[in-house]
Amino acid sequence: MSKVDLAIFWLTCAFSNMAFGQVPPAGIAQKMQATCTQVCHGASLIAQQRLDVAGWTREVNKMVGWGAEIAGSDREELIRYLAGQFNNTRPRPSSSHAAPDGKARDVFQTSCLGCHDAMPIARLKTDRAGWARTVERMVNWGAHIPSGRKEELIEYLLTSFAQ
Amino acid sequence: MKRREFVLSNAAFLLQARTIKDNLIIRSDSPADFETPVQLLDKGWITSNDAHYVRSHLSVPNVELNNWNLTVEGEVNRPLKLTMRDIRGFQEVTRTVTLECSGNGRAFADPPVAGLQWEKGAVGTARWTGIPLRDVLMKAQVQPNAKHVILNGADMPIRAVPDFVRSIPIEKAMHPDTILAYRMNGAALPVLHGFPLRLIVPGWEAAASTKWIVNIQISEAEASGFFMQTAYRIPNRPIAPGTLVDPKDTIPYTALSVKSIFTSPLDGAMVPMGSSIQLRGFAWAGEADITQVDVSTDAGSTWNIAVLDNDKARYTWRRFRYLWKPPAAKSFVVMSRATDSQGRTQPMVASWNPSGYLYNVADKIQINVKG
């Protein structure tokens, strides 16, 4: 492994640690990080899947085959968690869908509709601080907000999906 | 040879990558897998370097041109070790090519399949400048038993992750339109697109177009390994949605199928009653030519022939346009269906395969007309 790869590898893990620290129940975060991101990818690759137990079993086994380390019993717990969270009941991405007018519409379409559609967003009735927290959580899941446009996006969410 | 363009600093590389990233839908940050929003595809027949989709399998290598070489070995009489100066010494050619990731549209697979959930925009068209791969192979004097050309890039895996190594048959490699490219739309190849040298295999699913090339192996056999023997393969016969397929019942996915997408208006758009709107998008067919695009404004009951723009090249998409005046204030299901010179037409029902490749069902958007 070259120095660059090594750096990217650890960065990815650090990033994932942060990402998973927020959402899954205690314990699973570490297991998920250990298994799925040791072979070097971020949380967004997980967050966009819609698989059942068989599908997640195949994916986790593939990661283990590629060098991720996880004990047999932990593996089952992890697969149960993934299949419970990231399955076919999740809304599909819809980044080529029309969206309300507004300055940050382009950011909204590229940054917020790539993993799920606007349904969960339209359902969330919250204030500016609530939107800021949601955006932060999504960034931890792997959403990318173009440099310097976060405030604009929060404003857009607030006005387009008002309380 | 203009050397200056190759002396991009690391900082410039980072800035370039940042601009690309800010424009695109980030399916994965690392490996870099970014999709073009259809709104950006809509801007023109050529996709700009900042808007073209990005697909990588491993982390992006930072290649230093000073110690970069292309080695050519295997079933050849004269193994080669070429510098960029040597590469620039060959006859330069430019090919305009539409590249599409084989998983484009995977997000619509039903039942869902694992992988990057590309929607419509893992496709783009650029002018690629470089040299014919054939000229390099001729210089190396390929032996008569050679059947495949195996390509490897500078990108490297970690742990037990397989390296991204794929091969193309010698016939496609020797085709004068298959090129080693060092420019994209007139500019030095961006690092995310394979700096300093990438393969362009026109008309084929884009995983054949290896980036960051450092080694070419001429061989009697196909590349072994995951990315040739397991990935990028399709079932050799139709299968029921949701069925698993043994790799031995699959064949490599090569030439793209016939496909079209709307780029304007967007799905779910609201338009006022009484005005005409232009329904437009792109249609492509890999190695074949688009001969017709039909548009339906009544969910596929009746079809109208769309106008094709004049912009075209041997391996590119065609833009189609259809002017439509909505007859009522209600919601319409609008569809596009392309036909090509091989007589293929887009299916009305999506075929399914376990990896979500070659999704090419007739495109469908909803337009809401307000009275």
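## The interface between chains A and B

About 3300 Å² of area is buried between chain B and chain A, and carbon and sulfur atoms give 54% of that figure. Keep in mind as you read on that this is a predicted model. On the residue side, the contact draws 40 residues from chain B and 38 residues from chain A.

Which three residues stand out on the chain B side? Pro112(B), Ile158(B) and Arg159(B) together supply 20% of the area that chain B buries against chain A, more than any other three residues.

## Salt bridges

How many salt bridges link chain B to chain A? The count between these two chains is zero. Over all chains, though, the count comes to 24 salt bridges.

One example to look up sits in chain B, where Arg18(B) forms a salt bridge with Asp22(B). The closest N and O atoms of this pair are 3.9 Å apart, against a cut-off of 4 Å for counting a salt bridge. Both residues belong to helix α1 of chain B, which covers residues 10-23. Arg18(B) and Asp22(B) are four residues apart there, about one turn of the helix.

## Helix α8 against helix α9 in chain A

Now let us turn to the helix packing in chain A. Helix α8(A) spans residues 128-141 and helix α9(A) spans residues 150-160. Their axes come within 9 Å and cross at roughly 125 degrees, and α8(A) and α9(A) are therefore oblique to each other. The crossing in which α8(A) passes α9(A) is right-handed.

From α8(A), the contact is made by Arg128(A), Trp131(A), Ala132(A), Val135(A) and Glu136(A). From α9(A), the residues are Lys150(A), Leu153(A), Ile154(A), Glu155(A), Leu157(A) and Leu158(A). Sorted by class, this contact holds seven nonpolar and four charged residues, with no polar ones.

## Helix α6 against helix α9 in chain A

Helix α9(A) also packs with helix α6(A), residues 105-112, at an angle of about 95 degrees and with the axes 9 Å apart. That angle makes α6(A) roughly perpendicular to α9(A).

Which residues of the two helices meet? In α6(A) they are Arg105(A), Val107(A), Phe108(A) and Cys112(A), and in α9(A) they are Leu153(A), Tyr156(A) and Leu157(A). By class, the contact of α6(A) with α9(A) has six nonpolar residues, one charged residue and no polar residues. Leu153(A) and Leu157(A), listed here, are also among the α9(A) residues in the contact with α8(A).

Terms used:
Residues numbered from 1 in each chain as written. Chains lettered and ligands numbered in written order. Predicted model: local features only at pLDDT ≥ 70, side-chain atom pairs only at ≥ 80, totals over all residues. Heavy atoms only, no water. Axes fitted to C-alpha atoms, helices over the stretch in contact; angles between N-to-C directions. Parallel < 35°, antiparallel > 145°, perpendicular 65-115°, else oblique. Left-handed = near helix turned anticlockwise from the far one by under 90°. Contact = heavy atoms within 4.5 Å. Nonpolar A, V, L, I, M, F, W, Y, C, P; charged D, E, K, R; others polar. Buried area = accessible area lost by both parts, 1.4 Å probe. Salt bridge = Lys/Arg side-chain N within 4 Å of Asp/Glu carboxyl O.
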